[in-house]
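Visitor: I would like to learn how to read a model like this one. Please show me the structure, then take my questions in turn.

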Amino acid sequence: MPTSALLFLVAGLGLIAWLSGRVRAIAFRKAPGQRFSSLPRHHGSFAAMWTVLPPLLFLAVWGACAPGLATNGVLKTPAAAQLPPPGFERAAILSEARAIANDHHRTPLNPLATRLAPAYAVEQSRYGWIGGATALLLGIAGGAFAFLRIRPGFNARTRIERIVMASLLAASLIAILTTIGIVASLLFESARFFGTVPITDFLFGRHWSPQVIDPRNPGASLGAVPLFWGTFFIGAVIAMLVAIPFGLMSAIYLTQYASPRLRAWMKPTLEILAGVPTVVYGYFAALVVGPALRQLGVAIGIPGATSESALAAGLVMGVMIIPFVSSMADDAIAAVPSAMRDGSLAMGATPSETISRVLLPAALPGVVGGVLLAISRAIGETMIVVMAASGAATISLNPFNSATTVTKQIVDLLTGEASFDSPKTLAAFALGMTLFVITLLLNIIALTVVKRYREAYE
Amino acid sequence: MTDKTILNDHKMTARNVSVWYGAVQAIGDVSIDIDQDKVTAFIGPSGCGKSTFLRTLNRMNDTIASARVEGDIRLDGEDVYAREMDVVQLRARVGMVFQKPNPFPKSIYENVAYGPRIHGLASSKADMDRIVERSLARAGLWGEVKDRLSDSGTALSGGQQQRLCIARAIAVDPEVILMDEPCSALDPIATAKIEELIHELKGRYAIVVVTHNMQQAARVSQRTAFFHLGQLVEYGQTSDIFTNPREERTRDYITGRYG
Ligand SMILES: Nc1ncnc2c1ncn2[C@@H]1O[C@H](COP(=O)(O)OP(=O)(O)OP(=O)(O)O)[C@@H](O)[C@H]1O
Ligand SMILES: [Mg+2]
């Protein structure tokens, strides 16, 4: 049964449940002189929820299990005996067979897949029908159960409240569970990677060239230090050299000097900058800043100046982060009680003395926390480096040289033609895992620092 | 205001001072003289403009974007609002202590050294040490903190913090000290200490104290000004104001009939 038809049927059942629940409740109300805790529409909604939610929950679970069951069924057919042993190729053939079963006009690549397709179609429709029928039965059963519970004294109102709360909780859990799932898969794939490549080779190796991997010693060309260096150099050094001073100064200007009118339009403008898609910055870095810096580098005689330099990516990334740093610093400075500022001004300090001697020291923890968050954003940033810093993985202090970062390498590793269990692909997961751990730690430190500091003034 | 003793020895004079916050007038046409070596108390019901007027004396109203001051205020005959007046110097000469103690989140030593450092008053470390010790001693705090000068100023008790703020203010050797309800956040014992301190300081500085406490005004001040609805209703010798006020409104206020 097509999913859309099924959903339509479930919705129809829900509507019927709603109407009949209402009618039943209205019939009860005819008895005079009684106060009801719930209105007929509450009873209707209660019945409708009981009709709609069980089949939907079931379908969600079923949707996850059915493909596996169907594949198992296919594997039992005689044609499946010719399949290669479990591995990448087998999975590819099975997934092609499934695609052919769902879309008859597709041109087959693998003859075996064509032969398996009919079996797939049979299995799929079988499990489809089983699932659909069960779902409808569940809906009817739920609706009947709810309908029978509707009595004059039945408090449908608080039940609905509970169902609503449960669905909200479920919705918020989904985000958390998804994250946990992603992390788990990262962990799993990384573990596979470290099964073939020693973790010390990866973390401390200084040679990175995944294009030429020696199968007997893959660790020799998968040392990630150049990537960490590039990431650190671009994200934490060059970008911060731009973002910290400019972000801080704009925050100081906005909180201390700008008239309320100017502040009223400058702050939103800065925040809009934070919403510019990073690919636009990447564009700018690759087409404008990169070539200009190369010319500059050549003009002042720097060897190896390239238009895809660490400097171009870092500078543009820094500009991108300025609004972020500025708004964090703005919050931190604004959180310092104005009595501090007045106290200093009343001593005869000028505004800039007040800022440098009282406000900034008092706001420092908040500012530091903001900078850490900014760094963690910068090192996770991908688009700009992909577009502007495509280069060799070298450890170089020369900002005019090319450089590469962890995120950029992940993109390269995964967009190439490689099977899913080669060390090259798995290395991407290991890189992702490392990056994740680093940014997680940075965020935790930053948030603790910021929180401590907020508490100090509240 | 025709009292003879009030006419001589004026440290500060204000003539026809009005203050607006945006379009709202907070102070109307106030004229008053602040005397050398005396304590002047500002009293009046809440919202009558005592703090506002006090802040005009060291131009702290400049920090409020909407505030606008008119009239003539002089310190030793110099126009406080003149274009060539250096606000930094003015505030060094006219110090201020706030209602809520507001020590900087620095050490006790650094709190007191803050002003001298900004104004370059100390020529050496030893000199600075002397200034810090002298200021803390005058503020009656030296004995309590001399062994923990490097502790944070914010770690002191409320009363100690307020005395630290007074020490901070006198460290730059001001000529006038403005205190806006310096005891309102303190308990009676700490209040008594501050009052004692005001007594000791009065021979050296002109002091203005805003207070809601009539007994306090009577105890510490020699001059009292009564404000009401942004106007200066009556100004004179404290003893006269409290025993024999000329204005009905003053009498009503100090006897607690409104306020
Ligand atoms: N920053 C400001 N912006 C706008 N209006 C203000 C501001 N500060 C004070 N006002 C107004 O000016 C008037 C006088 O206030 P002020 O603080 O001088 O009173 P006060 O006599 O010190 O009162 P209190 O005894 O409660 O401290 C009040 O009506 C107040 O609302
Ligand atoms: Mg006040």
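This is a predicted model: local features need pLDDT of at least 70, side-chain atom pairs count only at pLDDT 80 or more; totals for chains, interfaces and linings use all residues.

Visitor: How much area is buried between chain B and chain A?
Guide: Buried area is the accessible area (1.4 Å probe) that two parts lose on being put together, summed over both. Between chain B and chain A that is about 1600 Å², and carbon and sulfur atoms give 67% of it.

Visitor: Which helices and strands of chain B supply at least two residues each of the side that touches chain A?
Guide: Helices (H or I, at least four residues) and strands (E, at least two) are DSSP runs, numbered from the N terminus. On chain B, helix 3 (87-93), strand 6 (94-97), helix 4 (108-119) and helix 7 (158-170) each supply at least two residues of that side. Helix 4 of chain B gives the largest share, 5 residues.

Visitor: How many salt bridges does the rule find across the interface of chain B and chain A?
Guide: A salt bridge is a side-chain nitrogen of Lys or Arg within 4 Å of a carboxyl oxygen of Asp or Glu. Across this interface the count is 0. Over all chains, the whole structure has 23.

Visitor: Which residues does the salt-bridge network link?
Guide: The network links B:Lys11, B:Asp76, B:Glu78, B:Arg93 and B:Glu175. Take B:Asp76 and B:Arg93: their closest N and O atoms are 3.3 Å apart. B:Asp76 sits in the loop between strand 4 (67-75) and strand 5 (78-79) of chain B and B:Arg93 in helix 3, so the pair ties together parts 17 residues apart in sequence. B:Glu78 also forms a salt bridge with B:Arg93, again with closest N and O atoms 3.3 Å apart.

Visitor: Is B:Arg93 buried or exposed?
Guide: Buried means under 20% relative accessible area, exposed over 50%, partly exposed in between (1.4 Å probe, protein chains only). B:Arg93 has 18%, so it counts as buried. B:Asp76 is partly exposed at 41%, and B:Glu78 is partly exposed at 40%.

Visitor: Where is A:Thr51 placed?
Guide: A:Thr51 is in helix 2 (residues 40-75) of chain A. With a relative accessible area of 3%, A:Thr51 is buried. A polar atom of its side chain lies 2.6 Å from the backbone oxygen of A:Ala47.

How values were computed
Residues are numbered from 1 along each chain as its sequence is written. Chains are lettered from A and ligands numbered from 1 in the order in which they are written. Side-chain values use heavy atoms; hydrogens and water are left out. A polar contact is a pair of N or O atoms within 3.5 Å; within protein, one must be able to donate a hydrogen and the other to accept it, and residues adjacent in sequence count only if both atoms are side-chain atoms.
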